[in-house]
Amino acid sequence: MEEIYSETYLKAKAPLTRIVARAALIVVAAFALLIGVIVMMSFGTALVLIAMIVVAGVIYFVLPATNIAYEYIFVDGQIDFDRILNGEKRKTLKRVDLDNIEIVAPEGSHRLDPYNHLPVVDYSSGYDSDKHYIAVASGDKGNEQIRFTPDEKMLSKMKMKAPSKIMEE
């Protein structure tokens, strides 16, 4: 039997909190460098070297990534939601089986009204121009809404596997 497979890769809009945190850390790093230069003028070069190492460490290790992408992989009734930071660090955020999904419908659909009280986990592109879907899934922590941005191919493959659960209205 042939397996049903589809994947969707999309760049996501960086959340405002991540952008603000990155800007704040850059300001702190620049301030540390400025203090290092002032101290160097007074006491010598060793402290400036230490300040530059600290600044480089902050920039390289601490700054949160703003280049975020999501990849959804659908294989035989199972969806993996992966986040990719800066094109190199991949993390599987959630793995959901279609058996544990009650409904998948476009965001704003009235079919989702009974589930509005559930918490929302956002794995979508974040752009208003994209068509987002909500999957209501049960998991370890109870039911939740998963917001994501699948393409038409993925939706059709999901509908082939569970036609009564996928709404494309």
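Leu33, Val37, Met40, Met41 and Met52 make up a nonpolar surface patch. Together they show about 430 Å² of accessible area (Shrake-Rupley method, 1.4 Å probe, with only the protein chains shown counting as cover for residues). Patch residues have over 30% relative accessible area and no salt bridge; nonpolar side chains (Val, Leu, Ile, Met, Phe, Trp, Tyr) are joined within 5 Å, like charges within 9 Å. A salt bridge puts a side-chain nitrogen of Lys or Arg within 4 Å of a carboxyl oxygen of Asp or Glu.

The model is predicted: local features need pLDDT of at least 70, side-chain atom pairs count only at pLDDT 80 or more, and totals for chains, interfaces and linings use all residues. Numbering runs from 1 along each chain as its sequence is written, and side-chain values use heavy atoms, without hydrogens or water.

Helix α1 (residues 16–43) gives the most to the patch, with four residues. Helices (H or I, at least four residues) and strands (E, at least two) are DSSP runs numbered from the N terminus. Methionine 52 sits in helix α2 (residues 46–62). Its relative accessible area is 43%, so methionine 52 is partly exposed (buried is under 20%, exposed over 50%, partly exposed in between, with a 1.4 Å probe and protein chains only).

Now the open sheet. Four strands run in the order β1-β2-β3-β4, with antiparallel pairing (at least two DSSP bridges between two strands). β1 (5–12) and β4 (89–97) are the edges; each has a single partner strand, so one side of each lacks a neighbour in the sheet. From one strand to the next, the twist averages 15 degrees. Helix α3 (residues 152–161) packs on this sheet and touches β1, β2 (68–75) and β3 (contact means heavy atoms within 4.5 Å). The direction of α3 makes about 140 degrees with that of β1; axes are lines fitted to C-alpha atoms, for helices over the stretch in contact, and angles run from 0 to 180 degrees between N-to-C directions. β3 (residues 78–85) and β4 share eight antiparallel bridges. Isoleucine 79 faces valine 96 in β4.

Turn to β7 (residues 133–139). Five of its seven residues are buried. β7 and β8 form a hairpin with two residues between them. Isoleucine 134 stands opposite alanine 105, and its bridge partner in β8 is arginine 147.

Tyrosine 133 also belongs to β7. With 2% relative accessibility, tyrosine 133 is buried. Its contacts include Val104, Phe148, Leu155 and Met167.

Definitions and conventions:
Lists of a residue's contacts leave out its neighbours within four places in sequence.
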